[in-house]
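Subject: A structure for you to look at

Hello,

Here is the structure I promised to pass on. Please open it first, and then read the notes below alongside it.

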Amino acid sequence: MAFYKERKLWNEKIEAMSKDEMRALQLKRLKKQVAYNYKNSPFYKNKFEVVSAKPEDIKSFKDFSRIPLMTKDEHRRAQEESIEKYGNPYDLLACAPREKIIRINSTSGTTGMPTLYTLTQHDVDVVNEMHARKYWRAGIRPGDVMIQALSLSMFTGGLPLSQGIQNMGACVVPVGIEGGTKRVLDFIRLTAPVAIIATPSFGQYMIEKCPELTGKKAEDLGLKWFFCAGEPGGGNPEVRKMLANGFGAKVFDHTGGGHAFHGISCDEPPEHFSGMHFVSEDHCLLELIDPKTKENIEIEQGAIGEMVFTFLDWEGGPFMRYALGDILQVNTEPCRCGMPGITFKIIGRADDMLIIKGVNVYPEAIKTAIFKFRPEVTGLFRIMLDRPGPTVTPPLKIKIEYGEGLPEKDLPALEEKMSSYFKEEVRIGPQFEWVPPDTIPREMKKTKLIEIRGEKSMK
Ligand SMILES: [Zn+2]
């Protein structure tokens, strides 16, 4: 057992590789991957043809950036085209022969046709490896019980995540969120986990409901780790403090975007957030682009851009230059936690971006600002738009709950304090619409931050 305790990384050889060695490995794998995709999928072959390129023309990362981007809408359209042509949604995109595909996963997307991921045994092994790298860094070891309270579905954080936990030798309780809060709490009592994986908003809900449902506080459940997933928030210092204090646990944020892009935050106090360490560089080429012009942005200290990823050394349906719409900020300097690799923060979604008087604003930045004022506010709010963004006619309207026990006569003073903070930090002057605590619905799954008046909800 001592062996487990001492090893800090799951895969020392890869995870601690020098930057130059990693880039060389990525380039070698990229050349192989593009040739493979070109040969096996009409969809990817076409990507080369539209820019009159052949796989052998890709000699550098720069050459590769000439290949057109792939978007989620295009992914859906290709699936539809595939159904028309081949009678199934994958023949156009999948690169491995049918008998090698052993799993089909889907995104958690709730609107439109789900986007599918086809995996071979090799690909499933890669996903499992990435989950193991993340939890190992956080300190999870064989013998530790983890309760999985995310939506237990086909998305990366659902069933595949359970497998990843098993793969590293830890014990998973895949209770899922579908059975409700009480069921999750019952299974915590029955199986005594040391770690929970859930959305931050479900964490907040559990902290609120725990005394009523179990007769004890969330901090007495025995959880030592809270792993945030499925929605933003795990990087927000105020959310982190709320979860750390509420559960008496260390808080980690982690992601497994599109199966290939995996990251986990550092072991650090909740008031700090240095970002997530990118742990899957050997299987995922990251590029950053300008969300408007789609031109490449250099990955250097502090760079902000829309993330584009390419699968490296994958077989089933390896994506090439896939732009999922997440906006990242990267940190290329060595992290103070001592763990290797670049770190990144997900700072918003390209399609959630609002433009107010020429200022780009992400709902997450508004959330961070609002959380600074807890407990004078509950932290629950909705951005109210008259019509879909990104351009908003000022002022930006925010429906916001004031805190429990705050007299209404104190609202003007609070509003003044918040307005000047917003002007300084977010560079906007919003108009607040105050509502009492418990007015805005608590979401069990993904929290909606934007609402369009007249429409029931949107993302
Ligand atoms: Zn770190």
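Two strands are said to pair if DSSP finds at least two bridges between them. Helices (H or I, at least four residues) and strands (E, at least two) are DSSP runs, numbered from the N terminus. Residues are numbered from 1 along each chain as its sequence is written. Please keep in mind that this is a predicted model: local features need pLDDT of at least 70, side-chain atom pairs count only at pLDDT 80 or more, and totals for chains, interfaces and linings use all residues.

Let me start with strand S7 (residues 225-228). S7 and strand S8 (residues 250-257) pair in the parallel sense over four bridges, and Lys 250 in S8 is the bridge partner of Trp 225. Strand S6 (residues 195-198) is also joined to S7 by four bridges, and these two run parallel; here Ile 196 stands opposite Phe 226.

How are the faces of S7 covered? Trp 225 and Phe 227 on one side, and Phe 226 and Cys 228 on the other, are all buried. A residue is buried if 20 or more other C-beta atoms lie within 10 Å of its own, exposed if 12 or fewer, and partly exposed in between, with C-beta atoms placed from the backbone.

S6, helix H10 (residues 200-214) and S7 make a right-handed β-α-β unit, and so do S7, helix H11 (residues 237-247) and S8. Right-handed is meant like this: with the strands pointing away from the viewer, the path from the first strand over the helix to the second runs clockwise.

H10 and H11 pack against each other at an angle of about 40 degrees, with their axes 10 Å apart. Axes are lines fitted to C-alpha atoms, for helices over the stretch in contact, and angles run from 0 to 180 degrees between N-to-C directions. The two helices are therefore oblique to each other (under 35 degrees counts as roughly parallel, over 145 as roughly antiparallel, 65 to 115 as roughly perpendicular and the rest as oblique). Pro 200, Gly 203, Gln 204 and Ile 207 in H10 meet Val 239, Met 242, Leu 243 and Gly 246 in H11; contact is counted if C-beta atoms, placed from the backbone, lie within 7 Å.

Next, have a look at helix H12 (residues 363-371). Its buried residues are Pro 363, Glu 364, Ile 366, Lys 367, Thr 368 and Ile 370. Their cover includes strands S15 (343-349), S17 (359-361), S18 (377-385), S20 (397-402) and S22 (450-452). S17 also belongs to an open sheet of three strands, ordered S17-S16-S19 with mixed pairing. S17 and S19 (391-392) are the edge strands, each pairing on one side only.

Strand S3 (residues 116-120) is mostly covered, with five of its five residues buried. Five bridges join S3 to strand S2 (residues 101-106), and the two run antiparallel.

Finally, some backbone details. A cis peptide bond joins Arg 374 and Pro 375, with omega about 5 degrees; Pro 375 is in the loop between H12 and S18. Another cis bond joins Pro 394 and Pro 395, with omega about 0 degrees. Lys 294 has a positive phi, near 65 degrees, in a residue other than glycine, and Lys 294 is exposed, with 12 other C-beta atoms within 10 Å.

Best wishes

Definitions and conventions
Two residues are in contact if their C-beta atoms, placed from the backbone, lie within 7 Å.
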